[in-house]
Amino acid sequence: MQRDRSQERTGFQESAPYHPDYDLQTDFVMVYGIDDTMPERIRQWKEQGYIVHLMTGVAWGDYNRYLDGEVDGEPHWDEAQTDRSGKMILHGTKPVIPYMVPTISFGRYLAERICIAVDAGVEAIHLEEPEFWVNGGYSEAFKREWQLYYKEPWIPPHTSADAQFRASKLKAFLYTRMLDRLCGEMKEYALKRYGRMLRFYVPTHSLINYTQWRIVSPQSRLIELPAVDGYIAQIWTGTSRTPNVYEGVRKERTFETAYLEYGMMQELVRGTDRRMWFLHDPIEDNPNHTWADYKQNYLKTVTASLLHPGISHYEVAPWPRRIFKGTYPAEDGSGKESIPPTYATTLLNVMHTLGNMAHEVNESEGEPLQVGVLIADSAMFQRMRPEEGAPDAGKYDGTDPDGFQQEGDTELLDFSPFYGLALPLLKHGIPVRPVQLDNVRRYPEYLAPYRVLVLSYEFMKPEYPDIHHAIAQWVQEGGALIYVGDDSDPYHRIRHWWNDGGDYGRTYGSPREHLFEQLGLVDSGQLESGEDIRQLGRGVFGWLQENPSSLARSKSGADMLRQTVQKAITLLSGDGSDWKPKHYYKIRRGPYWVAAVLEESISSDPLVIRGPVVDVFDPQLGVLTEVRLNPGQQALLYDVEAGRPSEDGVAVISASSRVEDLTRMSSGFRFIARGPANLKATARIYCPVKPVSATQDRTASVAWEWDSATRTVLLRYEHGKGNRSEIQVNWEAQEQGTSQ
C-alpha cells in the first residue's frame with residue numbers, strides 16, 4: 001500500500017481550489033482550466049504534496065475572450081463548429097461555449113494560456129477531448145481549412161458519402177495538427193526557459209464511443225506524434241450505458257460496453273512506450289440518477305477495466321467535489337441526498353486499491369483464446385447515411401445532462417455493425433478485444449498475440465493498402481481471419497486508394513477485393529459453394545457474406561458468427577478444444593481476483609470463488625470463505641493467503657485511506673492514514689497477534705474486529721479534519737515508557 005507518488009499510478013481532475021473534503025490522496029492531481037485563478041489553484045494543490053498537472057479542453061472551454069476578439073482585436077466566432085442549418089454546436093449555453101474548429105490562431109491562444117501553467121510549475125499538460133462533431137463542417141473557418149487541405153472548393157458534407165468521409169478525415173487532421181504544434185512548442189518553451197521536460201497527454205473517449213456518438217477525433221494518429229506522451233481513456237457510466245443491440249434486443253449493457261471500450265484503449269498503446277490511464281467516474285454527467293444507480297454502474301466499469309491487465313494506471317475520479325459534496329435524487333423520490341457513507345467508503349477502498357494493480361502475475365482462468373475484432377479510425381468518418389442527407393442526431397448542445405441525445409436513425413446510432421461482431425463472442429465468455437487496424441502497419445508484430453481476427457469493411461475503411469499485406473502474412477503464418485461483409489456499404493464508392501487506379505493499374509469495387517487478392521482469393525468464386533471456411537497456408541480464412549449489422553438483430557445472427565469462428569478455430573487447432581464458451585470472465589492480478597458474471601449468456605448459474613478473500617467492494621472489507629456471483633454481478637477480491645506477507649508480518653490488505661509509514665513495533669504497529677476530511681474509513685491489515693486496543697492520534701479509541709481464521713484486523717475510524725491521522729494498534733498491554 002505504500003508507494004512513491006512519482007509513479008503516478010492514480011490521479012484525479014478538479015477545477016475547484018484545494019479543499020480537504022475532496023482531497024483523495026492520490027499520486028497526482030490535474031488542475032482543470034486555464035482561467036485567471038489557475039496559478040493560485042496550482043499553488044494550493046502543490047502545497048498539499050501532490051504532483052500537479054494541468055488539464056484543459058482543447059475543443060471547448062470558456063474561451064469567450066478569444067471569441068470576442070479581446071485577445072488579438074479580431075473576433076473569432078466564425079471558428080465555432082457549425083451544423084448544416086448554420087447553428088453553432090455548443091458544449092454549454094451559459095456562457096455560450098461552442099465546440100471549436102482547431103485553427104492555427106486558436107492553437108496560439110491556447111499556447112499563451114498554457115505558458116502560464118508551465119510558469120506555475122506543472123509537470124504535465126492534458127489536452128482534453130479533441131472533438132469535431134460529424135454534423136459539423138459548415139463554418140467559414142472549416143471551409144477555409146478545406147480549401148487549404150484539398151486545394152479545391154469546399155463541398156457540403158451532407159451531399160455525398162465522399163464529401164462526408166473527406167470532411168471527417170480533415171477534422172481528424174486539424175486536431176492532429178493542433179496537438180502536434182501545441183505540444184512541441186510548449187515542450188520547447190519549458191525546456192529552454194526552465195530546463196524542464198514537460199509531458200503531454202490526451203484524455204479522450206474510446207474510438208468505439210466516438211464512433212457511436214458521431215464524433216471525430218485523432219485517436220491512433222496521435223501515436224505518431226513524438227510530443228504526445230500518452231492518453232487517459234475517458235470511459236465511464238455515461239459512455240458505457242449508451243444502448244446497443246444484441247440478439248435483437250436494444251438496451252444498456254454497461255459492463256459489456258465498458259469491457260470493449262477499455263480493451264480498445266489498451267490495444268491503442270500496446271507495443272508502444274505511451275502511458276495510458278483508465279478513468280472511472282463514481283457518478284456521471286447526468287445528475288438525474290440515484291446513488292444506487294451510480295454505484296451499480298461504477299462497479300461494472302471498474303471491473304471491466306481491471307479485466308485488461310495491460311494497464312495499471314488510473315484516473316480514479318473526475319470532479320471529486322461533485323461526488324463528495326454534491327446531492328442527487330433519493331431512491332424514494334423524497335428529494336436529493338448526499339453520498340451515502342457506505343458508498344463513500346467503498347469508493348475510497350477501490351481508489352486506493354487501484355494504486356496496487358501493477359503485478360507480474362496476471363492469469364486468466366484457462367488458456368485465453370485471443371480473438372480480435374478489427375476497428376479503424378475511419379469508422380468515425382462514415383457516420384451518416386449519405387442517401388438520406390445529414391440528420392442532426394447525436395447533438396451535444398449543452399442542454400442534455402447525458403451530453404448525447406439518441407434521436408432519429410437508431411440503427412445508425414446503435415453502431416450495430418461493430419457490436420454485431422463483438423457482442424456474440426463477448427456474451428459467451430470468449431476473450432475478445434477490439435484491435436486498432438491502423439496500428440497493423442505501424443508495428444510489425446502487432447497481430448502476433450491474436451489467433452483469430454474478425455474484420456469487416458462495411459463500417460470502416462483501411463487507410464492504406466499495405467495493411468492488407470500485413471494481414472495476409474499473418475494468415476499465412478497461422479492466423480484465422482473471418483471476413484464479414486456483403487459490399488453493400490455506400491462508402492465503398494468514395495474516392496480512395498482502392499478505386500483511383502493509382503499504383504495498381506486497376507480499380508477495386510471495395511477494399512475487400514484488394515484484401516482477397518493479397519490472400520490469393522481473386523474473387524468469391526475461389527470459395528466453393530457452401531464452403532465458408534478454408535485453409536490458407538498455415539492459417540484459416542472464412543467469409544461470412546452478411547452485413548455485420550444483421551448479426552445484431554437476432555439470435556440466429558449471433559449464432560452464425562459464433563459458429564463461423566468456432567469452425568475456424570477447429571480447423572486451425574484440429575480438435576476445437578480451444579473454443580470454451582463460458583458465462584463469466586475471471587482473472588487474477590497478483591493477490592486480486594477480478595470477476596464478472598454475464599447476463600444473456602449460456603448459463604444462469606452462479607460463479608463460485610473459494611476464500612478466504614476480502615471483498616474490496618464491501619465498505620466493511622468483509623472476510624468471506626466463499627463468494628457466489630450471479631449473472632450481472634461483479635467482484636474485486638483480495639486472496640488472503642496469496643497476499644500474506646512473511647510470518648509475523650504486518651501489511652495492508654485494503655484501506656479507504658492512503659496508508660503511509662506503516663511501522664511495526666514490539667507491542668503492535670502504527671501508520672499514518674490520509675484521506676478526505678470527515679469521511680468514515682476502514683482498513684483490514686494482516687496482524688500476527690490479536691490486538692488489545694487501537695487508537696487514533698494517540699487519544700481517541702478506534703473500533704476494531706479480529707478475524708482469528710485469517711489473522712487480520714479490521715479498523716474503523718474517521719479521517720481527521722486535517723486529512724491526516726495516526727492510527728496505532730496494540731497487541732499487548734503498553735509497558736511504562738513505551739513509545740506511543
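Select Val96 to start: with a relative accessibility of 30%, Val96 counts as partly exposed. Here buried means under 20% relative accessible area, exposed over 50%, and partly exposed in between, with a 1.4 Å probe and protein chains only. The model is predicted, so local features need pLDDT of at least 70 and side-chain atom pairs count only at pLDDT 80 or more, while totals for chains, interfaces and linings use all residues. Residues are numbered from 1 along each chain as its sequence is written, and side-chain values use heavy atoms, with hydrogens and water left out.

**Stop 1: around Val96**

Show the secondary structure and find strand β5, residues 96-98, where Val96 lies. Helices (H or I, at least four residues) and strands (E, at least two) are DSSP runs, numbered from the N terminus.

**Stop 2: helix α14**

Select residues 466-476, which form helix α14, and colour its buried residues: Ile467, His468, Ile471, Ala472, Trp474 and Val475. Looking down the axis of α14, these buried residues fall within an arc of 160 degrees, so they line one face of the helix. The arc is that of the directions from the helix axis to the C-beta atoms. Next, show what this face packs against: β20 (452-455), β21 (480-484), α15 (511-519), β22 (533-536) and β23 (539-544). Contact means heavy atoms within 4.5 Å. Just after α14, pick Gly478, which takes a positive phi of about 125 degrees.

**Stop 3: salt bridges**

Side chains of opposite charge can pair when their charged atoms come close. A salt bridge is a side-chain nitrogen of Lys or Arg within 4 Å of a carboxyl oxygen of Asp or Glu, and by this rule the count comes to 47 salt bridges.

Select Arg166 and Glu152, whose side chains meet in a salt bridge at 2.7 Å, N to O. This pair links distant parts of the chain, 14 residues apart: Arg166 is in helix α5 (residues 161-194), and Glu152 is in the loop between α4 (140-150) and α5. Arg166 is buried at 12% relative accessibility, whereas Glu152 is partly exposed at 23%.

Move to Glu600 and Lys251, which form a salt bridge with their closest N and O atoms 3.8 Å apart. Glu600 lies in the loop between β25 (592-597) and β26 (607-615) and Lys251 in strand β12 (residues 249-251), so the pair ties together parts that are 349 residues apart in sequence. Glu600 is partly exposed at 28% relative accessible area, and Lys251 is partly exposed at 32%.

Then select Arg644 and Glu641, a salt bridge with its closest N and O atoms 3.1 Å apart. Arg644 is partly exposed at 22% relative accessibility, and Glu641 is partly exposed at 44%.

**Stop 4: cysteines**

How many disulfides does a search of the whole structure find? The search finds zero, a disulfide being a pair of cysteine sulfur atoms within 2.5 Å. Select Cys183: the nearest cysteine sulfur, that of Cys115, is 13 Å away. Cys183 is buried, with a relative accessible area of 0%. Last, select Cys687, which counts as buried at 2% relative accessibility.
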